[in-house]
Structures are given as C-alpha cells and as structure tokens.
Amino acid sequence: MLRFDRVSKVYNVGSFGSDRLTAVREADFEVRRGEVVALIGESGSGKSTLGKMALRIASVSQGTITCDGTDISTLRGNRRLKDYYRRVQGVFQDPFSSYNPVFKADRVFAMVRGEYYRDVPDAQWRAKVHAALETVRLDPQQILGKYPHQLSGGQLQRLLIARALLLDIDYLVADEIISMLDASTRIDVLNLLGDLKARGLGILFITHDLALGNYISDETVIVHKGSIVERGRTEKVFGDPLHPYTKKLLSSVPQFHKKWEEVEAELKAREAADTRIRDYHLPVGQEPPAQLFEADEGHFVQPFPHGARASA
Amino acid sequence: MSLKVSDLRVYYRTLRGDVHALDGPTFTLADGEIMGLAGESGSGKSTLSKSLIRLDGRMRYVGGSVELDGTEVPIWDDAAMNRFRFKEISIIPQYSMSAMNPTRKIGVMIAELLESRGVRFKTVREELHRRLELVGLDTEVLKRYPIELSGGMKQRVVMVLSTILDPSLLIADEVTSALDVSTQRAVAEMLVEFRDRRFVKSMVVVTHDISLVYQIADSIMVMYAGRLAEKAPARTIIEAPRHPYTRMLISALPEVGVTYAEQRLTGIPGSPPGLLDPPKGCRFRARCPLASDECATEPPFVEVTPDHHVACWKAE
C-alpha cells in the first residue's frame, strides 16, 4: 500500500525565501495494489506535487509517505533508492519531451538495463522487453530501432509505460498521461491502465479530466488549492457529490447526453433534498479543518461553511 | 447563408511534395449558426480555419472558393484579404494566452491595433468597456500588462478584442483547451452570448472535444484526414451519427454521469493515413469495420436527411 499520511508540502517563495506557499495541506489517502486512484484537481491544486512526492522528486515537508510500511523519506543510499524505484515508477504528461530526440526511442530500455539489470543475459533481456511491449500492446517490429519522431504520441506513451513495467513495479504514478493524446488513441492507453490494475498494480492516476477519472478509477480524490475536499469510491463521489467544489466541477464538465443546465438543476435539486448537509457544515467564516468528515461509509468530505453553494 | 465554402483545397508545401491537408470540403454556414468543427490532430480542422484568415508561407491555395455574405473571399491573395480580416472574418487564436504584446499595457495594445487597421480608438472605447464588463472584467484591465492577468482573463480580453468590430464570421480555435474545467464552461457560454447579442453573425468553434461543442453548438462537422466525414445538428451527431468514424469516435469517449465499473470502451484501431500521398477512395477505409470494395471510390458528401450530410457509402 502506498500511503499518504497527513502529507504537506510547503515551498519557500519570494526574495530569500521570505514567503511560504503551502502547495499541499495534510493530504491523507492511500493507493492499494490492484486499484486505480484518480487524483483530480485543476491547475495549481497540488495534484502533481503529490505525485512528485511519491516518486521522491519533491521532498515531503510534513507527514509521511509509506510504501508497504516503509517511510520513503528514510530511504538513503543508492541501493535502497534503487530498490524503491524498482517498485514505484512514474510516467508523465508530454511523451514528446520525455525522449532525447538524438537517440532511438528504445534507448530508455537500455538505460533501465544499465542501471538495474546488468547481469541479465542478452536473450533473457530481449524476452523481457518483448513481454513488456506485449503488455502495452505494441509490436516490437514496429517500435524497436525507431527514433521518437517516427512514433506517434500514443506509441511513445505506451513505450514509457513498458519501460516502467520492465522493473516489475508494484505502483505506477501516471501524471496526466492521457492529455496529449488524440481521442481515438486515448481510450487504448486508459484501457491499458485497467489491464495493469488487473495484474495487481496500484495506480495513482493524476488528471484534470473528470471523465477519464470516472471511467478508469476505483477511488477518487478531489483536491482543491492543496487540500483534499472529497474522496471515496468513484461511483460515490461522482454519483453523490457532497462538497460544493466537487459539485461545481461536475456541473462544468461537458457531457454527451445532458446539457450543462440540466446537470446543474439536478445537482441543485439533490442538494435541496439533502439532510446530511448539517452534519458537516461549518459556521460561516470558520477555516475548514484538514481532517475530513466521513459522511458515508468510505466517503469523506471536508467540512465547509454552510450556505457555500455549488456556485461558491 | 453566411459562409459558403466550395471544394476548398489547401496543401502544405514540403520538400517531399504536397501534404493534402485540406482536400475539398464543401459546406455552408447559416446566419447565426454556431458550428463545432471536430476532428483529431491532422484532420485538417486547423488548416481550414487558418485558410479563412491567412495562408502562411507553407500553405498553398490549390482550388475552390469561399463566399461570405454573398461576396467572394480572395483567400489566395494576402493583401486583398486585409479588407476582410478582423472586420469581416476574425479569429480567436489557439494560443490566445500568448497572443498579446507583453511590452504594452492591454489598453495601449488594443488602441494601437485598432489604429493600425484604420479605426479610431475613440469611436469604439465605450463599446469596449461595455463588452469587458459583459464578460466579467473590470475596465481596469486596460491599464494592466498581460502578465498580470490569469489565463482565463487573458482569454476573455482576446475574445472581446477579436469581436470588437462585429465581424460576420468568428473562428474560435481550441479556445477552451488550455483552461480549467470551471473556466472552460464560462468561456464557452460567452461564445453563445456573443452570438445572441449579434456581436458576431456566425461562428466556427474548432475543437477536439466533441462533448464541449455539443453543449454550445447548433451543428457539428466532423473532419477526417483532410475531408469532411459528417455534418448535422449537434444532437443528431451525438445521438444518431451515420458515419462509422463519428460513431466509433463518440463511443470511444468516456464521460461523467455514467457508471463504468469494469465495463470497457473500445478505441479505433490503426491511425489516420499520411496525407503526403493520401489513399484513393474513402480515407477512413483502412480503419473501418464496414469497408468493402465500393469504398475504393471516394464517397460524395451528400445530404441523407434534411441538414444531415455524410460522406459514406454505407450511410444508407
């Protein structure tokens, strides 16, 4: 289990670091193996910072991130870090800038071999690469030996996932991996995440696109300005949203079968009929606590000032 | 009829030959119509919208005609187009976030732009203020530099500026793709408001996001590999598409408001053809599950039911 335990990230900004900016405030959630967790937020919400902290690209200011019980900030030394990266890997948004255009795309595999699998014989390595490519449904004939510009965005992105799979990882941090892809290839990469989940991988799927999160995830975490405002099973968060911010997002996403006004009217009607709201409302003006309130089994919401409507 | 495009062909010049990026679309746009123009990258949607404003150095006009409100638009003649640009046909560019001069205050930049087009700034100042307020901006923004504004604010400034001379046709090129979900909706609804207030007569909204244009457009036109695939009222495109490409594209898009659990959608196998030497016949043939021998002949873009045009032999 990849567990975020009241994790905060504070950046020093301004001249000589005189100001502090809280990018993430006491985030508390977990990613289990065989599960996709969608981390949804708008730009500046801190969603990518959370992913970076899990990959140790950014340090944790407060709180702990544990991977199957080990606090990852205590990992020191090349060997222990390597062991960690064997189990947790990341894939990022822009496949076109993730590669060095001077070298062939499959050099990313050779780099993994140089770092982690020096003793593996050639034949065995080739079999491993082919197996990884097969998992991401790429044809080795078409891919190996090509330069990045000869491959499509979808192919490059799948190649990066294959690279992560070479390491027999347990967890994958996927930060906006779909956003740069075309509509007809998007769904293939999304389905691939579903396949990996079925193979027992835990996936932290970071996105701004609610439709993608709704499609692929088991759990959803909504972040707003660094704080988690709502989290729970995906069908709960999308089907029965509680926080005004979640409602606002849901009423803004364009849908196919309903117009914006209809969605908004439905959410309003649901809210008017909701009696639970008084359980987690706050007096107006009070700062919302970082601790979430369990409104329903496994469905958490950050208490919010009552009267803060979907338009707030 | 506001806009009439007939058999327009615009190719890109490359060292290896011409890329047939826009290969003969023919369609019309009614007065007051907002048309969503959808397609994947390389479908020709951006080439089409750029051709109506200005052909850049690599683009070559090959044939066809464009008519706006009954007047021929000389898109092949860069100088003659000056009469139309901004005044009759205007565009909100794809990267309007970076479309403004960073060294000028916004008000100064707008004044300079208008004067350079032979319009006295004084004559439109009041209208400019009114419209800025309409899109929810304080007129104070005119005294600010672009860097001081958020992405959504810059987008709205450019929207107001592009339409200040009440053009007949507005092209909105991926205006919402760089914005956050909540700002996206506000900007999209403003486009409709601009049409309702007659700031622009008709509009082409170019996007890769069909669900977004479904929310605001009257009609949707789908392009594939430089050609038109289908054009119909927005609801028809979503609920009863006839072209196999449109069908597959729509069924490949996840949305909110549906519970998927373990249910999986399917993508479209293969990738679009290269346009340096495009295949003969229907260009979707190689990826189409319905393809047969007759698809080796190019299907015409015909009206199958009123207002519903499809280019497919199989679309009964």
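Q: What makes strands β6(A) and β7(A) a pair?
A: Two strands pair if DSSP finds at least two bridges between them. Strand β6 (residues 88-91) of chain A and strand β7 (residues 171-175) of chain A are joined in the parallel sense over four bridges, so they meet that rule. A:Q89 stands opposite A:L172 in β7(A). Strands here are DSSP runs of E with at least two residues, helices are runs of H or I with at least four, and both are numbered from the N terminus.

Q: How do you know where these names and values come from?
A: This is a predicted model, in which local features need pLDDT of at least 70, side-chain atom pairs count only at pLDDT 80 or more, and totals for chains, interfaces and linings use all residues. Residues are numbered from 1 along each chain as its sequence is written, while chains are lettered from A and ligands numbered from 1 in the order in which they are written.

Q: Why is strand β9 (residues 202-207) of chain B called largely enclosed?
A: A residue is buried if 20 or more other C-beta atoms, placed from the backbone, lie within 10 Å of its own, exposed if 12 or fewer do, and partly exposed in between. Six of the six residues of β9(B) are buried, so the rest of the structure largely encloses this strand.

Q: Which residues cover the two faces of β9(B)?
A: On one side B:S202, B:V204 and B:V206 are buried, and on the other B:M203, B:V205 and B:T207 are buried. In a regular strand the side chains alternate between the two faces of the sheet.

Q: Which strands pair with β9(B) in the parallel sense?
A: Strand β4 (residues 34-38) of chain B is joined to β9(B) by five bridges, with B:I34 opposite B:M203. Strand β8 (residues 169-173) of chain B also pairs with β9(B) over five bridges, and B:D173 stands opposite B:V206.

Q: What makes a set of residues a nonpolar core?
A: Its members are buried Ala, Val, Leu, Ile, Met, Phe, Trp, Tyr and Cys residues joined through C-beta atoms within 7 Å. The largest such core has 81 residues, and A:L39, A:A174, A:L204 and A:F205 have the most contacts inside it. Helix α7 (residues 153-165) of chain A gives the most to this core, with seven residues.
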